[in-house]
Structure formats: C-alpha cells, structure tokens
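Me: I am new to this structure. Please show me how to read its features, one at a time.

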Amino acid sequence: MTRTNAREIVVHLLYDLHCTGESAQEALVTRFAQDYYETLAEENDVYTGRPNQKQLAYIQDTVRGIAARQEELDGYLAKYAIGWRVDRISRLARAILQLAMYEILYVDDVPTSAAINEALELTRKYEDEDVVSFVNGILGTFAREVAP
C-alpha cells in the first residue's frame, strides 16, 4: 500500500466520522477489524491490500490527530473558504481539506506541495472540477499564509 492509498483511507474514515458521529478510535477499530476490512475491498480497490505497520501508523495517527484538532482545522476552513460556511462544504471535500491542512501543519515528512497535490488528486477522483478549483484555492492561500 502506498501513502496515496493510506491518504484515501484517511479521507474515507474522516468522511465516516462526519456522518456517524463515531470517535476516531471507534472508527479505526471497526474499519480495521479483519472481517469488515475485507468487505470494503468489494466496494473500493484501495482496500484490496491491508496497510503495513508504517502505513497503519500513519492512518491511525492522522485520523486521531485530525479528530483532536477538529476545531482548529475548521477554523482555518472558515477563514479561507471565503463566502462559504464550513457546514456547506461537502463532507468529502471537508475531509480532504482537513487532511491536507493537517499534513502541512503537523506531518514533518510531507512537503506542502505534496500535501496539496495529493489533496487535488483525491478531490479529482471523487468530485467535479469546480470542487477541485475550490480546494486548490483554499489550500493555496492556506499554504502561503500558514505553512511553516
């Protein structure tokens, strides 16, 4: 499994958290239970292989980190999504934006440009080009003003 695949799984988990209200820990335990994880492969190819220890650690740390910094990340979304309330942003786009912002701020081995590029590719996979432009605009401004 690649880091790109791990990011996609993180986005799926964040989306689920937005929909179900589960805690990050509950979602991680449920989704990575052997029987359940195998059923996910029928729905999406990203689940055909289980993550190795390094990728699993990245997924777990990232999901927990984003959940713990939800208010901070939503504050950035509110600031940079000019003219949009955070609750009007699609849950999927919001998950992708939160992941990219979190990586930019807190994941040392991910360059800002890689976090943005991966976010745009994920958005392109699931959303239309208007949303890709929206995500690009927010992340570009965020990176210029906030990135370390």
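Me: What should I know before starting?

Reply: This is a predicted model, where local features need pLDDT of at least 70 and side-chain atom pairs count only at pLDDT 80 or more, while totals for chains, interfaces and linings use all residues. Residues are numbered from 1 along each chain as its sequence is written, and side-chain values use heavy atoms, with hydrogens and water left out.

Me: How many salt bridges are there?

Reply: A salt bridge is a side-chain nitrogen of Lys or Arg within 4 Å of a carboxyl oxygen of Asp or Glu. The count by this rule is 10. One of them joins Glu-22 to Arg-31, with the closest N and O atoms 2.9 Å apart.

Me: Which residue forms a salt bridge with Glu-121?

Reply: Start with the general idea. An α-helix has 3.6 residues a turn, so residues three or four places apart point the same way. Now the case here. Glu-121 pairs with Arg-124, and their closest N and O atoms are 2.9 Å apart. The two sit 3 residues apart in helix 7 (residues 112-126), so about one helical turn separates them. Helices (H or I, at least four residues) are DSSP runs, numbered from the N terminus. Both partners are partly exposed: Glu-121 has a relative accessible area of 43%, and Arg-124 has 38%.

Me: Where else does Arg-124 form a salt bridge?

Reply: Its side chain also meets that of Glu-129, at 3.2 Å from N to O. Glu-129 is partly exposed, at 46%. Elsewhere, salt bridges link Arg-7, Glu-103 and Glu-118 in a network.

Me: What span should helix 7 have?

Reply: The expected span of a helix is 1.5 Å times one less than its number of residues. Helix 7 has 15 residues, so it should span 21 Å. Its end C-alpha atoms are 22 Å apart, which agrees.

Me: Which residues of helix 7 are buried?

Reply: They are Ala-115, Ile-116, Glu-118, Ala-119, Leu-120, Leu-122 and Thr-123. Their cover includes helix 1, helix 6 (91-106) and helix 8 (129-146).

Me: What does Thr-62 touch?

Reply: Contact means heavy atoms within 4.5 Å. Not counting residues up to four places away in sequence, Thr-62 touches Val-10, Leu-99 and Tyr-102. Thr-62 belongs to helix 4 (residues 53-68). At 2% relative accessibility, Thr-62 is buried.

Me: How far apart in space are Arg-3 and Lys-54?

Reply: They are 9.5 Å apart, C-alpha to C-alpha, and 51 residues apart in sequence. Arg-3 lies in helix 1. Leaving aside neighbours within four places in sequence, its contacts include Gln-55, Tyr-58 and Glu-103.

Me: How do I read the pocket?

Reply: Rolling a probe the size of a water molecule over the atoms shows where empty space is left. On a 1 Å grid over the protein atoms alone, a pocket is an open set of points where a 1.4 Å probe fits, with protein on both sides within 12 Å along at least five of seven lines; lining residues have an atom within 4 Å of a point. The largest pocket has 13 lining residues, with His-12, Asp-16, Leu-40, Glu-43 and Tyr-47 nearest its centre. Helix 1 gives the largest share of this lining, 5 residues.

How values were computed
Buried means under 20% relative accessible area, exposed over 50%, partly exposed in between (1.4 Å probe, protein chains only).
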